[in-house]
Amino acid sequence: MLDKLKLAEGRYSELESLLADPEITGEQKRFRDCMREYKSLTPLIEKYREYSAAAAGFSEAKELLAEPDLEPEFREMAQAQLDDARAVIEKCEEELKFLLLPRDPDDDRNVIIEIRGGAGGDESALFVNSLYRMYSMYAALKNWKIEVINSNPTELGGYKEIGFSVEGEGAYAKLKYESGVHRVQRVPETESQGRIHTSTVTVAVLPEVEEVDVEINPADLEIQTFRASGAGGQHINKTESAIRIIHKPSGVVVECQEERSQHKNKDKALKMLYSKLYEAKLTEQTDKIAAERKIQVGTGDRSERIRTYNFPQGRVTDHRIGLTLYKIEYIMNGDCDEVFEALAVADKAAKLTNTGNE
């Protein structure tokens, strides 16, 4: 472990020099890549330096305690220093094991999220809107940018489905555990008897990718245009600006009708198509090494029930890690970090166990 940490610190120092070099700062892409790597290494190096300082303090205290003529008062101070340093070293060692785990190469990407109504009709569509609002408010807290790609609103203020991009540092790292079935238990506003209804919504989180990540033959695409429509089938656009793209080899279909410009809708639809094909490629690779990898936080399978939002009891339960929080209002208003961080820790712990067993 120490060899890896020394190599990482060397690379960190090298990046510091590069980022101060005017030649690099003038090359936008290279500067951005160096800055991204520098930021990703920073938590590891800060923890390693904390560990190194504690190790130096431990050695110093040990040397003092080895002196036979040390006065009792100094001996007591040296013993306290030794004990404190040992506790810090043990804590740092555990944290460094997590930080040294290979990072998901997609963690720094922006994401595309699709939320679709499941069982529950109108109530399910309303909860699609609730989740979209939750992710939007979380993004606002992180200073991330959200842009709707495609939506199918209902007359009651919900969505049958909505797709949107989230652009910001670490977006995929935070949101990637959201794929799956989200269940809601609440009393609908239209329910006169006060009965609790259970509905479901499916969330898919896709890393946003560049064209270089996935090859698409233009001949494999069927591009259709149609009129964008709003709730109740009312046309919100008299021209055929909405775009539907069918990738014939895979059968993947994407749509975008949010922009008035056909060109912009096509760009957004293609972005979603690339992400969906990239996800399919990753799933295929993961299936080949399936044993890894039923990690504790779930398989990422969209049919897996991952979380329940129980409004009458004010609780949110993530079934993958057995986490229950009685703060549903805060979570629905975008205060999601406690949930997302618990999932990330559980994922790392599972990977650490797998690494230890290999």
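Trainee: In this predicted model, which parts of the chain are tied together by the salt bridge between Glu169 and Lys39, and how many residues apart in sequence are they?

Mentor: The side chains of Glu169 and Lys39 meet in a salt bridge, with 3.1 Å from N to O. Glu169 sits in the loop between strand S3 (159-167) and helix H6 (171-175), while Lys39 belongs to helix H3 (residues 28-65), so the parts that this pair ties together are separated in sequence by 130 residues.

Trainee: Is Glu169 buried or exposed, and how does Lys39 count?

Mentor: Exposed means over 50% relative accessible area, and the class between that and buried begins at 20%. Glu169 has a relative accessible area of 57%, so the residue is exposed. Lys39 is at 41% relative accessibility, and therefore counts as partly exposed.

Trainee: Which residue forms a salt bridge with Lys176, and are the two partners buried or exposed?

Mentor: The partner is Asp107, the closest N and O atoms being 2.8 Å apart. Lys176 lies in the loop between H6 and strand S4 (180-186), and Asp107 in the loop between helix H4 (72-99) and strand S1 (111-117), so the pair ties together parts that are 69 residues apart in sequence. Because buried means under 20% relative accessible area, Lys176 at 15% is buried, and Asp107, with 10%, is likewise buried.

Trainee: Where do Glu14 and Arg11 lie, and how many residues apart are they?

Mentor: Their side chains meet in a salt bridge of 3.0 Å, taken from N to O. Glu14 is partly exposed at a relative accessible area of 42%, and Arg11 also counts as partly exposed, at 27% relative accessibility. Both residues lie in helix H1 (residues 2-19), where about one turn of the helix separates them, that is, three residues.

Trainee: How many salt bridges does a search of the whole structure find, and which residues are linked in a network?

Mentor: The search of the whole structure finds 24 salt bridges. As for the network of salt bridges, the residues linked in it are Lys47, Glu50, Lys91 and Glu95.

Trainee: What should the 28 residues of H4 span, and how far apart are the end C-alpha atoms?

Mentor: The expected span is 1.5 Å times one less than the number of residues. For the 28 residues of H4 this gives 40 Å, which agrees with the separation of the end C-alpha atoms, 40 Å.

Trainee: Which residues of H4 are buried, and which helices do they pack against?

Mentor: The buried residues of H4 are Ala78, Leu82, Ala85, Ile89, Cys92 and Leu96. The helices against which these buried residues pack are H1 and H3.

Trainee: At what angle do H1 and H3 pack, and why are they oblique to each other?

Mentor: The axes of H1 and H3 are 8 Å apart, and the angle is about 135°. Since perpendicular covers 65 to 115 degrees and antiparallel begins over 145, the two helices are therefore oblique to each other. H1 passes H3 in a crossing that is left-handed.

Trainee: Which residues is Lys145 in contact with, leaving aside its neighbours within four places in sequence?

Mentor: Lys145 is found in strand S2 (residues 145-153), and at 47% relative accessibility the residue counts as partly exposed. The C-alpha atoms of Lys145 and Val166 are separated by 5.7 Å, although the two residues are 21 residues apart along the chain. With those sequence neighbours left aside, the residues in contact with Lys145 are Ser165, Val166 and Glu167.

Definitions and conventions. Residues numbered from 1 in each chain as written. Predicted model: local features only at pLDDT ≥ 70, side-chain atom pairs only at ≥ 80, totals over all residues. Heavy atoms only, no water. Salt bridge = Lys/Arg side-chain N within 4 Å of Asp/Glu carboxyl O. Helix = DSSP H or I, 4+ residues; strand = E, 2+ residues; numbered from the N terminus. Buried < 20%, exposed > 50% of the residue type's maximum accessible area, 1.4 Å probe, protein only. Contact = heavy atoms within 4.5 Å. Axes fitted to C-alpha atoms, helices over the stretch in contact; angles between N-to-C directions. Parallel < 35°, antiparallel > 145°, perpendicular 65-115°, else oblique. Left-handed = near helix turned anticlockwise from the far one by under 90°.
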